[in-house]
Amino acid sequence: MNRVTRAFVRAGAELAEAVRIALGSLVGARLRSFLTTLGIVIGVMTVIAIVAIIQGLNRSFEGQIANLGANTLYVSKFAWLAQGRGEWWEMRNRKDLGKRELAAVEREVTLATAVAPQAGTRGTVTRLDKELSGVQLIGTNARYLDTGAGSVQAGRFLTDTDVDLERAVAVLGHAVAERLFPGASPESVLGQRVTLEGHPFTVVGVMAKRGQMLGMDMDSNVTMPFTTFLRDLGSKRSLNLAVASAPEDLSALEDQIVGVLRRVRHVPPDKKDDFAINRQEQFLRIYRQLTGALYGVAIGVGLITLVVGGIGIMNIMLVSVTERTREIGVRRALGARRRTILLQFLIESSVVAALGGAVGTTLGLGVAQLVALLTPLAAAVTPSAVALGLGFSAGVGLLFGSWPAWRAARLDPVEALRYE
Amino acid sequence: MAEPLIVVEELHRHYVVGGETVRALDGVSFTIERGEWVAIVGQSGSGKSTLMNLLGCLDTPSAGVYRLNGSDVEGLADDQLADLRNREIGFVFQTFQLLPRASAVQNVELPLVYRGVPRRERRARAEAALRAVGLANRMTHRPNELSGGQRQRVAIARALVGEPSILLADEPTGNLDSATGEEIIRLFSELHQRGHTIILVTHEPRLAARCPRAIRLSDGRVVGDGPGAEVAALSGARAVHA
């Protein structure tokens with residue numbers, strides 16, 4: 001018991017002594033310590049800045065992608081993530097999805113909580129002398145909003161009656177309302193007449209602002225009954241179906257849809273689906289792959305810089321060991337064991353590196369904030385990034401300090417005491 | 001009957017330098033009792049430094065026996081030698097060998113750090129040791145703020161603080177002017193009177209003559225062992241031998 005406590009006290013005292021010596025020699029050679037750690041500082045700064053920016057991008061991407069309903073499947077001729085041109089041509093030649101498919105899904109897919117068709121095109125919207133081109137024109141039904149497609153700010157959304165009667169009514173996206181009726185309140189827009197691709201429509205509602213998704217302005221659109229859309233803007237368009245369900249039913253929902261559509265579209269059992277079922281998650285996955293690669297590059301660059309910094313540390317530690325050969329001899333004569341000397345130099349190199357890491361982390365976060373301020377890129381600071389920076393740099397100190405420390409520990413006390 | 005503090009029998013230490021074997025110590029035997037003050041004299045190249053390194057457990061013999069305080073140094077591992085130095089030996093060097101960035105009291109504390117003495121006790125013992133060598137008012141000074149004599153006193157305090165069996169001093173006055181050197185010798189004399197065992201390695205016969213006993217080395221062998229004044233008077237060991 002007494003021996004054990006004594007060993008602990010000894011280890012603790014040696015550790016405290018080692019830290020004191022390390023800090024002492026850092027302060028004693030400030031300029032040198034600073035130059036030594038510069039490599040580490042730059043390496044950690046780079047990694048932290050890049051990681052912060054990537055994490056910021058991730059967050060803003062995930063925020064944007066939330067515009068797609070998380071609990072919604074998007075049935076379409078086209079898969080969102082096509083692999084190469086061949087597949088794209090195959091998808092292009094598929095049979096369109098139409099009212100028949102919509103009716104079948106509405107009737108037979110029991111897990112669906114909402115089914116909304118979507119027909120889309122870009123077109124021109126005019127109001128008196130004002131003309132907006134390139135506006136997304138969307139034909140859908142009353143369930144559209146239940147598939148995670150935003151909300152109405154003023155007036156009402158489309159109703160089943162609008163769809164059944166093929167009424168010429170329109171719900172304006174926020175930006176469209178603002179641009180066609182500058183300065184007017186959303187409420188005052190209701191009942192006004194607008195022209196879509198030459199066809200007169202009555203405004204029944206204005207959507208709330210949604211922001212951007214993947215560079216697409218989600219407020220620059222006009223929504224109308226899909227029946228009216230098919231009548232006035234082209235009947236040959238393929239419909240997309242947005243099908244929502246409870247989150248836990250999403251996989252079963254996909255199975256149901258596949259079954260129904262294969263039957264309705266007469267897909268032989270040995271053929272693949274001639275339609276695609278897309279979900280938000282796919283976007284996230286591909287996006288994460290992309291940023292994962294970016295992460296890899298960033299971390300690679302950072303690691304290389306850290307290695308360079310580590311070599312700097314090794315270099316300066318070798319010099320330090322040589323300079324302090326006599327000190328090592330004295331310590332050994334007074335009873336320091338080899339591993340005590342080893343520990344002393346290891347702690348010194350990791351403290352130098354960790355301090356460099358701390359400075360680098362601070363600078364890196366600063367750079368990230370600066371980038372976020374000056375560019376559209378976002379930056380997010382996570383504790384894990386900070387821990388990573390500090391941990392890595394201390395690790396580099398340990399790794400690259402170990403050879404000099406080992407050399408110090410191996411010194412023969414007699415030789416070391418005689419060293420001039 | 002209690003064994004002497006130091007027993008050295010037929011001690012050899014050979015080095016191989018450039019393919020040739022140098023017999024730095026070539027069969028040395030003596031014993032030293034507790035409380036003795038012994039000078040080891042000899043010219044440079046006589047083997048006294050080698051002997052000091054062996055007695056100080058900094059080095060291990062090629063052959064022969066060295067028993068210190070009852071334990072055989074032969075075959076001890078490096079860690080055990082370090083512990084033995086820490087417990088049994090207090091070194092005083094010609095060039096003081098103080099750590100330049102540490103204060104006097106921190107320098108004196110060092111052996112206790114390596115022994116695992118708790119901080120408060122360490123500090124108290126180091127301060128007591130400094131007071132004992134007359135440096136009560138120099139505790140927090142760094143070595144470069146002290147005179148040569150004061151530095152050597154700090155070194156002696158450091159050697160004493162762990163209460164070792166032997167004080168091993170290597171030319172302790174070599175870097176001091178004669179007046180200061182005299183002070184240091186008087187300090188050793190006091191320590192001897194208080195019962196410390198002191199081994200003083202020197203090339204100066206004048207200094208050896210002050211010690212109650214001296215051992216003279218020449219070419220790695222003992223050529224004289226007796227009262228300090230007599231051994232110191234032996235001029236040129238080789239002549240005596242021949």
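In which strand of chain B does Glu10(B) lie? In this predicted model, Glu10(B) belongs to strand β1 of chain B, which comprises residues 6–17. Although Glu10(B) is not a glycine, its backbone adopts a positive phi of about 50°. The residue counts as partly exposed, because 13 C-beta neighbours lie inside 10 Å, a number that falls between the limit of 12 or fewer for exposed residues and that of 20 or more for buried ones.

The strand that holds Glu10(B) is part of an open sheet of four strands in chain B, arranged in the order β2-β1-β4-β5 with antiparallel pairing. The partner of β5(B) is strand β4 of chain B (residues 63–68), and the two pair in the antiparallel sense over two bridges. In this pairing, Arg67(B) has Asp72(B) of β5(B) as its bridge partner.

Chain B also contains an open sheet of six strands, in which the order is β6-β7-β8-β3-β9-β10 and the pairing is mixed. Here β6 (89–92) and β10 (221–227) of chain B stand at the edges, and since each has a single partner strand, one side of each is left without a neighbour in the sheet. Neighbouring strands of this sheet are turned against each other by 20° on average, with direction ignored. Within the sheet, strand β3 (residues 37–41) and strand β8 (residues 197–202) of chain B run parallel and are joined by five bridges; Trp37(B) is paired in this way with Ile198(B) of β8(B). Taken as a whole, chain B has nine helices and ten strands, and 46% of its 242 residues are buried. Of the contacts in chain B with a separation of 6 or more, 66% are made by residues 24 or more positions apart.

In chain A, strand β2 (residues 114–127) and strand β3 (residues 130–140) run antiparallel and are joined by eight bridges, with Thr126(A) standing opposite Glu131(A) in β3(A). These two strands form a hairpin with two residues between them, and Leu128(A) in the turn has a positive phi of about 50°. Glu166(A) counts as partly exposed because it has 16 C-beta neighbours inside 10 Å.

Helix α9 of chain A (residues 250–264) has 15 residues, which at 1.5 Å a residue should span 21 Å, and its end C-alpha atoms are 21 Å apart, in agreement with that expectation. The residues Leu253(A), Ile257(A) and Leu261(A) of α9(A) are buried. Seen down the axis of α9(A), the buried residues fall within an arc of 55°, and they therefore line one face of the helix. An α-helix has 3.6 residues a turn, so residues three or four places apart point the same way. The buried residues of α9(A) pack against β1 (72–76), α4 (99–108), β11 (240–244) and β12 (276–279) of chain A. On the face turned away from this buried side, α9(A) carries the exposed residues Ser251(A), Asp255(A), Gly259(A) and Arg263(A). Just after the helix, His266(A) takes a positive phi of about 55°.

The contact between the two chains takes 22 residues from chain A and 21 residues from chain B. On the side of chain A that touches chain B, at least two residues are supplied by each of α1 (2–28), α11 (325–333), α12 (338–374) and α14 (413–418) of chain A. The largest share of this side, nine residues, comes from α1(A). By residue class, the side of chain A that touches chain B divides into nine nonpolar, four polar and nine charged residues.

Methods:
Residues numbered from 1 in each chain as written. Chains lettered and ligands numbered in written order. Predicted model: local features only at pLDDT ≥ 70, side-chain atom pairs only at ≥ 80, totals over all residues. Pairing = 2+ DSSP bridges. Contact = placed C-beta atoms within 7 Å. Nonpolar A, V, L, I, M, F, W, Y, C, P; charged D, E, K, R; others polar. Expected span 1.5 Å × (residues − 1). Arc of directions from axis to C-beta. Axes fitted to C-alpha atoms, helices over the stretch in contact; angles between N-to-C directions.
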